[in-house]
Amino acid sequence: MGNLELWGGIECTVNRVGDRYFDQLAQSGHAQRLSDLEALADLGIKKLRYPVLWEHVAPEHPENLNWEWATERLDKLRALHIDPIVGLLHHGSGPQYTNLLDPGFPEKFAAYAKSVAKQFPWVTHYTPINEPLTTARFSALYGLWYPHAQDDASFVKALYHQIKGTQLAMQAIREITPEAKLVQTDDLGYIHATPTLQYQADFENHRRWLSWDMLAGKVDKSHPLWGYLISSKLPAQDLLDFVANPCPADIIGVNYYVTSERYLDEHLIQYPVHTHGSNGQHRYADVEAVRVSAATPVGLQKLLTDACDRYQKPVVVTEAHLGCSREEQMRWLHDVWDSALFLQKQGKNVPAVTAWSLLGSFDWNTLLTQSNGHYECGVFDVRSGTPRPTAAAHLLKKLAAGEDAHPIARLPGWWKRPSRAIYPDTQDYTECYALSCEENEHKPILITGATGTLGRAFARICEDRGLPYVLLTRQDMDIADADSVEEAFAKYKPWAVVNTAGYVRVDDAEEDSVACYRENTQGPVCLAKHCHAHHIALVTFSSDLVFDGDKQEPYVETDQPNPLNIYGSSKLLAENQVLVAMPEALVIRTSAFFGPWDEHNFVYHALRAFAQGEQFTACEDAYITPTYVPDLVHASLDLLLDKAHGIWHVANQGTYTWAQLAELSAKVAGLESAPYLQNVSQNEMNLPAPRPSFTALASGKGIHLPSVEDALGRFLRQSEVPFRPQEVAVEEPDASFEMAAQA
């Protein structure tokens, strides 16, 4: 696959909002974990974009520098034979004694850069300031980050100070390390527009090159933005000084995201209010081009070509990341890699691709203006406190080694599928992506339990995520019949099996144990044996009812099970025997799930009763962890793709009695529950099967779904069934609902 190199990067932004600093290294835990670097090295990366940030080393005074952290990390990278690309300022405004609008900013920054070079004279690659254009926009044009200015003059000043600071910094660094190279990064997108707004698109398409153009001394009187910069109060001599003393990037670092290309449209009614803005001449919506049916994104390959031709320098993708489901992350990385590799083979100087956000990132969904702990998983998942390699890590190792990628990574990402476009909302994308078709050339996921809530949910979400699947009834494949399993495997040739089938009638199991054990134990074990023999991945589901409730606090994966009833015993026996037959199998324990696509769940029935003014009975002394079906399915698919194995607890965050869940559901829905909710004890229910009083789940492995309250809000927005009585044929309920229904 050529000699394309894999580089890496850690999201390390330290930005400021008001008087508060947001620090990504602290949030990811990397600030405290030297051992992360060994995990990163295992990917096969050649260079790592790595922070030695001004705000960390000299936070209070420019002469009070603490090198301990940086020295330990850079020495470790050196020992691992990874070349660091040292970053000094990452979307920041600097320590508290300066900011981007400070006239002394360039000189102060250069002085810090020189001290870094003195401390680490062996470092040869620097990105002094990451994305200066983007940082100037967010800090001084949009006002989102400190110093919160919102005018063109401030934007231009902030950009100039960063570019001048970079020029002076490289001069200072090269006094110590003459061979030091400048790797200058910025976001490189493209602006599309309606004919009315083409003038604005043209302006922004010139502006996107400004960081590199200014450093290269290209901004003279013939530059398209000369007039704009001068009218924004930047002295002409300041620009001409760059022309006379250029500091061109040795490597052009292109950061490209699925949102980097934008579309401008004055027809505001077609777009959400939060996308509306103005340039003083027109009001218009600014949205992602990939989401607009009228726009055709030019794509990374064209943008890299343009950068190569414009600067005649090596061009590296310095950030490749997509905050999305696991297979889409893989597809994005694969697309970027393929684009760079293609150009390299065409003779373009594109030597590397950088997998960005290796440890994930926090709160970029609010552009780092709020601290909500919203985590976007990276190549590694850090939610357990120890980085866990995901499917993206496995992919990168294969790409770096020149090996074939997982077939899922070669399927079209959502940005290439018909459903990508949501604006304007006039298109009817009823055509199916045909991923469930048995004749599909790609190996599918087999999903058992076609008549159940969970099986149908997996099929639906696989469709949305572009994952080929086949949904099977018991007639299609009897999981407890070896011949039936072999026939289905031969017919469909799956790469994975998701088993949602099983016996779910908890009370009936006490009198019908033979059937319960056949479906809940013998079936999964049969699947495990055949999956293991054919090297097919397997995920199967267990229950919170494997516990006896004596702990009285949420159970984690390492807690000792002790089921109280036949149903729980069948699930526990399945866990043990599945993992003996197939140690690489994934067994997911979950609890009390509810979903938006059918009526067969506790939350729906409670809300319908309250809406109708009817009495509703719920248990007040049995504690569970409610789990939202879409969250459960997405997390399970991610774990499957990550090749996770063993027992995992996957449930939303929160511990509630059934009665408390009913009350919370009513509160979120804006309904009154007090007059209608009747609380009862488990003893009063006289259920045939004994139930534990406490089976709430937590995880020691780091899968943290959103809160139950958050899930209930989404349930109400996404629900496809109204809260009114309907004449429906009731299918088999899931195990967690069985108890609630009888309450």
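Q: Where is Pro424 found?
A: Pro424 sits in the loop between α14 (391–401) and β19 (445–448). Helices (H or I, at least four residues) and strands (E, at least two) are DSSP runs, numbered from the N terminus. This is a predicted model, in which local features need pLDDT of at least 70 and side-chain atom pairs count only at pLDDT 80 or more, while totals for chains, interfaces and linings use all residues. Residues are numbered from 1 along each chain as its sequence is written, and side-chain values use heavy atoms, with hydrogens and water left out.

Q: Is the peptide bond from Tyr423 to Pro424 cis or trans?
A: The bond is cis, with omega near -15°. Most peptide bonds are trans.

Q: Which residues does the other cis bond, with omega about 10°, join?
A: That cis peptide bond joins Tyr146 and Pro147. Pro147 lies in the loop between α6 (132–141) and α7 (152–176).

Q: Now phi: what is the value for Lys493?
A: Phi of Lys493 is near 50°, a positive value in a residue other than glycine. Most residues other than glycine have a negative phi. Lys493 is in the loop between α16 (482–492) and β21 (496–499).

Q: Why does Lys493 count as exposed?
A: Lys493 counts as exposed because its relative accessibility is 53%; buried means under 20% relative accessible area, exposed over 50%, and partly exposed in between (1.4 Å probe, protein chains only).

Q: And what about phi of His535?
A: Phi of His535 is near 60°, also positive. His535 belongs to the loop between α17 (513–534) and β22 (537–543), and is exposed, with a relative accessible area of 74%.

Q: Changing topic, how many helices and strands are there?
A: The protein has 24 helices and 30 strands. Of its 743 residues, 59% count as buried.

Q: What does the C-alpha trace span along its principal axes?
A: The trace spans about 90 × 55 × 55 Å.

Q: What is the mean pLDDT?
A: The mean pLDDT (the predictor's confidence in each residue, from 0 to 100) is 93, and 95% of the residues reach 70 or more. Over residues 426–440, however, the pLDDT is below 50, and this stretch has 28 contacts in the model beyond near neighbours in sequence. Contact means heavy atoms within 4.5 Å.
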